[in-house]
Amino acid sequence: MKGEGKMVMKSKMKWIGLVGLVLSVFSLSVHFLLARFTDGGVYDYQSSITLFSWRPVFENPDFARNSPLYRRLWGPVRSLESLHPDANPRGYYAEPVAPSNGYVFVRIRGGFHEIRNSICDVVVVTRFLNATLVIPEIQSTTSSKGISSQFKSFAYLYNEDQFMAALTKDVNIVKTLPKNLKGARRKKEIPSFRVPRSASPYFYLHNVLPVLSKHSVVELVISDGGCLQATLPPDFEEYQRLRCRVAFHALRFRQEVQEHAMRVLQRLRAPGRPFIAFDPGMSRDALAFHGCSELFQDVHAELIQHKRAWMIKRGIVKGKLFTNSMKQRLNGRCPLMPEEIGILLCAYGYSWDTIIYVSGGEVFGGQRTLIPLHAMFENVVDRTSLSAGWELSQIYGREVNLVNNYPMAPPSTGQEKKLVAWKDAGPRPRPLSPPPPRPKYPYNIEGWWGWVAESDNEPESTVMELRTNAHKLLWEAIDYIVCIEADVFIPGFDRDGTGNPNFASLVMGHRLYQSAALKTFLPDRKQVVKFLEENREHLYQANRTWLTSIRRHMTRSLLDGIKQTSAKSKHLSFLSHPIPECSCLRHDFAKTSVNASSSSTQAQAEAVLGVSHRCPAWMDSEITSRSKDKEVEEDLDEDLSSSSGLFFRNRIENHEAVGVETNKEEANMEEQEELEGAEK
């Protein structure tokens, strides 16, 4: 009887525990539902059900796409609508001549944009040498330990089969050298050239071609982001179009990277809204090269200065170690900070719930630098907030587990041993023992920057850091696809750590080639800093005149930015501005334009961009003619009274606008001024 009573008691306790657990789960669910429904509403809760860290929040679930405001913020640039990509040969263009003069084996070092530029240059060089190209070797991946053995070299980033198939009529390409030449390469018997950046075609014809004909193989080592000058002579124009075919058609990322980038794009567009892609361009190398250390504080400024000293020692930087960063910033030589980009976007009219995708393999300063941008815009995301951990691991492939090899602190001496040693040491009387040293907390000495407090020399990269650097190529590949497809793109900086066009420049060039009419802002940094300094005390309570100046500048930058890129970047990187060589003008725009403004936009494109080649007739059938009502509608711009006085909105106090209300007559006058300013 006693045992039965215990059994009954145990079963009752189990049931009580089970009921308590169910009630706890139910209570937590109710609290979660109440918190979500009472704060943001039903639509907010429904849109935030996701496996990822991004929980989109919108002021209004209904997004009007037919309003003048939408056309001003997200609509195409009318003066660029007539441009169409056309990289096909336009004259006599023969297929590769057989037999070839030999094999060109290439080793490429550098970051994402340097690798992409170099591959395009190598294909062109191989073409006019009439050689066979061996799939290039990317040193950033093969020299990094700990990365997946499944993907090496070119195949780690790009699709080899697609690359070879797309260029069949341009160059002969093979995956590896023949066996006899492989052995010669192992013995280092292959003639090698360390090619300078921006070498002329005649360098290859006079120096490389004789060696290639004699030995049937040459090795090119490229480390500066390009091996051929960007602007070729007029008789090499077909080779410029070959560059476009390589960069925009042949170079496709491997399937896993491409598929994941598409998933990220789908998740960005799932709420049914357009989005902005923002590339900060704030790498440590770029900040050090341009002398912008004082934009940061504490250890970050020390890291930039240390890198600058390293660059000066190796002749990369010609200037002094200490520079006036504020002067550099006023001259437009430093990146625009995320806060400044946020102010520009708010002033232009983008609301606080706009989706902003932050790209870039490195944002120096980390998330702390992005805090002001997060404060202005609710939906700021990046690849990590739109990807699950297992998805990124799937892209990396099977990798060995790495053990943390941080040096361990020596074992502490016991207090009793210290006391005994002090008593037995030296004659008496003795002075007091020295005070204990300053404690070294782990978070001060561990991490990628911890060596600054301990040593003047930067330590060698760990295996984990080498693996992370290799993965940056994949991260930037994902960001590259997202930025090209974005409705709006804006860079914070367009120069890298050597003063050449960077990742953002490649994105702008690809967008200009593929879909020129998409909005791509490139504000003049010098002018923007001037605007910000003029209104430094009232940035978050800006007046109407200042907002109008910012909007006019942003509108003009849609075309002025292209002209600026043509003047400052094209001679350094052809892919940053692949027109007029790789673009044509559609006939249908001249025929269907019924009003004067539409006709002038095409003339503007011809004058500003230098595009005069007419597209083939078969391209005209792809574009449907626009109705007269739509053209008249596009000539009208937004009623600025709805947004010109609204700079920032208070999400807490029922999203009420803070600003100055203006009447409709003033708004229409400002609208007309903005349109006139954009067409100048």
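In this predicted model, helix α22 (residues 525–534) and helix α23 (residues 544–568) have axes that come within 11 Å and cross at roughly 170°. Because angles over 145 degrees count as roughly antiparallel, α22 and α23 are described as roughly antiparallel to each other. The protein chain that holds this pair has 27 helices and 15 strands in its secondary structure, and buried residues make up 48% of its 680 residues.

**The α22 and α23 pair**

- On the α22 side, the residues in contact are Gln527, Val528, Phe531 and Leu532, and they meet Trp546, Ser549, Ile550 and His553 in α23.
- Sorted by class, this contact of α22 with α23 has five nonpolar and three polar residues, with no charged residues.

**The chain as a whole**

- Among the contacts in the protein chain with a separation of 6 or more, 80% are accounted for by residues 24 or more positions apart.
- The protein chain has an accessible surface of about 35100 Å², and carbon and sulfur atoms provide 55% of that surface.

- An α-helix has 3.6 residues a turn, so residues three or four places apart point the same way.
- In helix α16 (residues 367–376), the buried residues are Thr369, Leu370, Leu373 and Met376. Around the axis they cover an arc of only 90°, which puts them on the same side of α16.
- Ile371 and Ala375 are exposed, and they are carried by the face of α16 that is turned away from its buried side.
- In helix α17 (residues 389–396), the buried residues are Glu391, Leu392, Ile395 and Tyr396. Seen down the axis of α17, these buried residues fall within an arc of 140°, so they line one face of the helix.
- The cover over the buried residues of α17 includes α11 (255–269) and α20 (463–485), whereas Gly389 and Trp390, on the other side of α17, are exposed.
- Glycine 397 follows α17, and its phi is positive, near 90°.

- The peptide bond that runs from alanine 98 to proline 99 is cis, with omega near 0°, and proline 99 lies in the loop between β1 (83–85) and β2 (103–108).
- A cis peptide bond also runs from isoleucine 579 to proline 580, with omega near 10°. Proline 580 has its place in the loop between α23 and β13 (583–585), and this α23 is the helix whose axis comes within 11 Å of that of α22.

**Positive phi in residues other than glycine**

- Asparagine 130 is a residue other than glycine with a positive phi, near 50°. Its place is in the loop between α4 (112–128) and β3 (132–134), and with a relative accessible area of 22% asparagine 130 is partly exposed.
- Serine 153, although it is not a glycine, has a positive phi of about 55°. Serine 153 is found in the loop between α5 (139–142) and α6 (154–157), and its relative accessibility of 13% means that it counts as buried, since the cut-off for buried is under 20% relative accessible area.

Key: Residues are numbered from 1 along each chain as its sequence is written. This is a predicted model: local features need pLDDT of at least 70, side-chain atom pairs count only at pLDDT 80 or more; totals for chains, interfaces and linings use all residues. Side-chain values use heavy atoms; hydrogens and water are left out. Buried means under 20% relative accessible area, exposed over 50%, partly exposed in between (1.4 Å probe, protein chains only). Helices (H or I, at least four residues) and strands (E, at least two) are DSSP runs, numbered from the N terminus. The arc is that of the directions from the helix axis to the C-beta atoms. Contact means heavy atoms within 4.5 Å. Accessible areas come from the Shrake-Rupley method with a 1.4 Å probe; for residues, only the protein chains shown count as cover. Axes are lines fitted to C-alpha atoms, for helices over the stretch in contact, and angles run from 0 to 180 degrees between N-to-C directions. Angles under 35 degrees count as roughly parallel, over 145 as roughly antiparallel, 65 to 115 as roughly perpendicular and the rest as oblique. Ala, Val, Leu, Ile, Met, Phe, Trp, Tyr, Cys and Pro count as nonpolar, Asp, Glu, Lys and Arg as charged, and the others, Gly among them, as polar.
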